Amino acid sequence: MIDLQVQDKTHDETRQGEALILDTPVKADARKLYIESYGCAMNFADSEIVASILSETGFETTGDYHQADVIFINTCSIRENAETRVRNRLSQFGVEKRRNPKLIVGVLGCMAERLKSKFLEEERLVDVVVGPDAYRDLPNLIEQVESGHKAVNVLLSREETYADISPVRLNSNGITAFISITRGCNNMCSFCVVPFTRGRERSRDAHSIIEEAKTLFEAGYREVTLLGQNVDSYTWTSEDGTETVNFAQLLEQTALVNPDLRVRFSTSHPKDITDEVLHTIAKYDNICNYIHLPVQSGNTRVLELMNRTYTREWYINRIDAIRNIIPGCAISTDIIAGFCTETEEEHEETLSMMDYVKYDFAYNFTYSERPGTLAARKLADDIPEDVKKRRLAEILAKQQAHSLMRLQEWVGKTVRVLIEGTSKKSDLDYCGRGDSGAMAIFPAIDGVKPGEYANVYIERCTSATLIGRIV
């Protein structure tokens, strides 16, 4: 995968393989849990749920797997390189397991269901395999392993949303947090494994989402990101049928928690994003003017093969609506280069779509066939790798130019920035994001600290970062 400087990353490369650590008092008799996460933001949010469940049974987290009693790796199946990383990591954990035979090694998440037999029986890499809907069963599964048995639960659920579990915030800066609002996906994109690994879509109780947002704000958090494979299709109905909440209404309710709580969301689907959602964003200053709207391809025939259920014209209609209702709204996207049977002319249509939208940020990939998907079963992966890479390079070069152009538009303007912490390069500088999601770097000053908003005058920019000073 190649990506640019992108906020609200679907796959944040800086976090891949991150060990999640809870800052709690150390107990001498506590068992140690090591969780390493790969893939999308949903996986990192799920790891927090796992930590919460296991903390109730006496586990505490550690950042050193050599000290762990249980190692879990939370996995992603969406691209081949993610699976390769996981397999390599499991081999390293296997070395530690030979040193410490009592060590329990488990695979969580999206690879669990698809590769359970390989992990448990053929390669014998792990002791426990758990799918995304079975995390409540983890204490029982760990007991099974401790009694000498392999353990597996990859059953998918039509009901599980973990709405009653308050996620443990791991490795958090205490300022920004994810809130999962849906699980699973009903969109059967031909290239995607998510419907098979995470099951059918179900929406979480709206009241539990708002309560979580309130709790986070009271704890000092100042930004939440509402997460779902397709947030726009969120629809929750109360058990007695007297209350129904759609995504626009949920977005509004979250914004009303407090005007100082900034609200983001990811990811939107072009077929579902409505004018009602756009007007809600425009109505509230604390809903960020930023939308991640994956296009995948700029050609209608390729979009049909991808089963994206919209045309080039429909996508352009949604872009025009965003520009008209939310002037200046930042837009990012996903693009796949070299999908099955894509011609040079169709690739050019993707480039022309990029010129039309001029995305602020983008995730750009070459097509990677995933076993079990409709594309793998029905379509030939017939674009040579060198052609895929050349098309990707053209997409990347164009996006770099557009990203720089979008950042340059902020130079000479003042941006309201939520300070997230100190810069990675210098403790003398703060970093934080403006409304559009662009990262800004600026000198720290007395009297202003992380978790607060600051007005930052943008003096210059790089291709990925705004640089300025507090005014």
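Select C185 to begin: its relative accessibility is 8%, so C185 counts as buried (under 20% relative accessible area, where exposed means over 50% and partly exposed lies in between, with a 1.4 Å probe and protein chains only). The model on display is predicted: local features need pLDDT of at least 70, side-chain atom pairs count only at pLDDT 80 or more, and totals for chains, interfaces and linings use all residues. Residues are numbered from 1 along each chain as its sequence is written, and side-chain values use heavy atoms, with hydrogens and water left out.

**The cysteine loop**

C185 is placed in the loop between β10 (182-183) and α6 (194-198). Helices (H or I, at least four residues) and strands (E, at least two) are DSSP runs, numbered from the N terminus. Next, display the surroundings of C185: apart from neighbours within four places in sequence, the contacts of C185 are V194, P195, G199, R200, E201 and Q229 (contact means heavy atoms within 4.5 Å).

Now move to C189, which lies in the loop between β10 and α6. C189 has a relative accessible area of 8% and is therefore buried. Leaving aside neighbours within four places in sequence, C189 touches M306, N307 and R308.

What does UniProt list for C185, C189 and C192? An unreviewed UniProt entry gives these three residues under "binding site"; such annotations may be inferred rather than shown by experiment, and the positions follow the numbering used here, with feature names shortened.

Select residues 429-433, strand β20. Four of the five residues of β20 are buried, so the strand is largely enclosed by the rest of the structure.

The hairpin from β19 to β20 passes through six residues. Within this pair, I419 stands opposite G432 of β20.

In the hairpin of β20 and β21, with five residues between the strands, select G437, which takes a positive phi near 95°.

**The whole chain**

Finally, show the entire chain. Its secondary structure comes to 14 helices and 23 strands, and 58% of its 471 residues count as buried. Among contacts between residues at least 6 apart in sequence, 72% join residues at least 24 apart.

Conventions:
Pairing = 2+ DSSP bridges.
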